[in-house]
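Subject: Handover of a structure

Hello,

I am passing this structure on to you. The sequence and coordinates come next, and my notes follow them.

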Amino acid sequence: MANTEASLKEAMSSIEGTTGVALVDYTSGMALGTLGGGKEFNLEVAAAGNTDVVRAKLRTMEHLGIQDEIEDILITLGTQYHLIRLLKSRGNTGLFLYLVLDAGRANLAMARHQLKKIEADLEV
């Protein structure tokens, strides 16, 4: 079992191309922990904004009657990938891991695989 800080550090060090990572509560929009980012990329603001993305997708699924769960949401930009992984392990509902990747250095398949592993070890 890993705590929030250890999990965020693992994501930064083990996922190639990671420039920022956050654990976010999408019921409140607050980041419970962040690592990386910087002056040019505020992870607190990104966490709050991506809360709206998660809520909108969950609402849309409800309206469509889709009886399934979101594993992750991928947003591709010209130079970045943004990966949102909703947590489901051990009752961690209402939380997501948010990962910002440099598109030129990242391998999406490996990032998703590693993020799933980090989720399984995370204890909030």
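Which residues does Leu97 touch, not counting residues up to four places away in sequence? The model is a predicted one, and in it Leu97 touches Leu8, Ala22, Leu23, Leu83, Ile84, Arg85, Leu87, Leu115, Ile118 and Glu119.

**The cores**

Leu97 belongs to the largest nonpolar core, which has 18 residues. Together with Ile15, Leu99 and Leu101, Leu97 is listed among the residues with the most contacts inside that core. At least two residues of this core come from each of helix H1 (4–14), strand E1, strand E4, strand E5 and helix H3 (108–121). E5 gives the most, with four residues. Another core, of 17 residues, lies apart from this one, and its members include Tyr26, Phe41, Ile84 and Leu86. As a general point, nonpolar side chains in soluble globular proteins tend to be buried together.

**The strands**

E1 (residues 18–25) pairs with E2 (residues 30–36) in the antiparallel sense, over six bridges. Within this pair, Gly20 stands opposite Gly36 of E2. The hairpin of E1 and E2 has four residues between the strands, and Gly29 there takes a positive phi near 85°.

Strand E3 (72–76) and strand E4 (80–86) also form an antiparallel pair, with five bridges. The hairpin that joins E3 to E4 runs through three residues. Ile75 has His82 in E4 as its bridge partner.

On E4 there is also the pairing with E5 (95–102): seven bridges join E4 to E5, and the two run antiparallel. Here Tyr81 stands opposite Leu101 in E5. E4 is mostly covered, with six of its seven residues buried.

**Helix H2**

H2 (residues 43–64) has 22 residues. From its first C-alpha to its last it reaches 31 Å, close to the 32 Å expected at 1.5 Å a residue. Which of its residues are buried? They are Leu43, Ala46, Ala47, Asn50, Thr51, Val54 and Met61. These residues cover an arc of only 150° around the axis, so they are on the same side of H2. An α-helix has 3.6 residues a turn, so residues three or four places apart point the same way. Val45 and His63 are exposed on the other side of H2. The cover over the buried residues of H2 includes E1, E2, E3, E4 and E5.

Both ends of H2 deserve a note. After H2 comes Gly65, whose phi is positive, near 75°.

Is Asn50 buried or exposed by its relative accessible area? The value is 8%, and because buried means under 20%, Asn50 counts as buried. The side chains of Asn50 and Tyr98 are joined by a polar contact of 3.5 Å. Leaving out residues up to four places away in sequence, Asn50 touches Ile75, Ile84, Phe96 and Tyr98.

**Helix H3**

The 14 residues of H3 should span 20 Å at 1.5 Å a residue, and the end C-alpha atoms are 20 Å apart, which agrees. In H3, the buried residues are Ala111, Gln114, Leu115, Ile118 and Glu119. Their arc around the axis is only 145°, which puts them on the same side of H3. They pack against H1, E4 and E5. The face of H3 turned away from this buried side carries Ala109, Met110 and His113, which are exposed. At the start of H3, a side-chain oxygen of Asn107 comes to within 3.1 Å of the backbone nitrogen of Ala109.

Gln114 sits in H3 and is buried, with a relative accessible area of 13%. What does Gln114 touch, not counting residues up to four places away in sequence? Gln114 touches Glu10, Ser14 and Ile15. With Ser14 there is also a polar contact between the side chains, at 3.2 Å.

Regards

Key:
Residues numbered from 1 in each chain as written. Predicted model: local features only at pLDDT ≥ 70, side-chain atom pairs only at ≥ 80, totals over all residues. Heavy atoms only, no water. Pairing = 2+ DSSP bridges. Expected span 1.5 Å × (residues − 1). Buried < 20%, exposed > 50% of the residue type's maximum accessible area, 1.4 Å probe, protein only. Arc of directions from axis to C-beta. Contact = heavy atoms within 4.5 Å. Core = buried A, V, L, I, M, F, W, Y, C linked by side-chain atoms within 4.5 Å. Polar contact = N/O pair within 3.5 Å; in protein donor to acceptor, adjacent residues only side chain to side chain.
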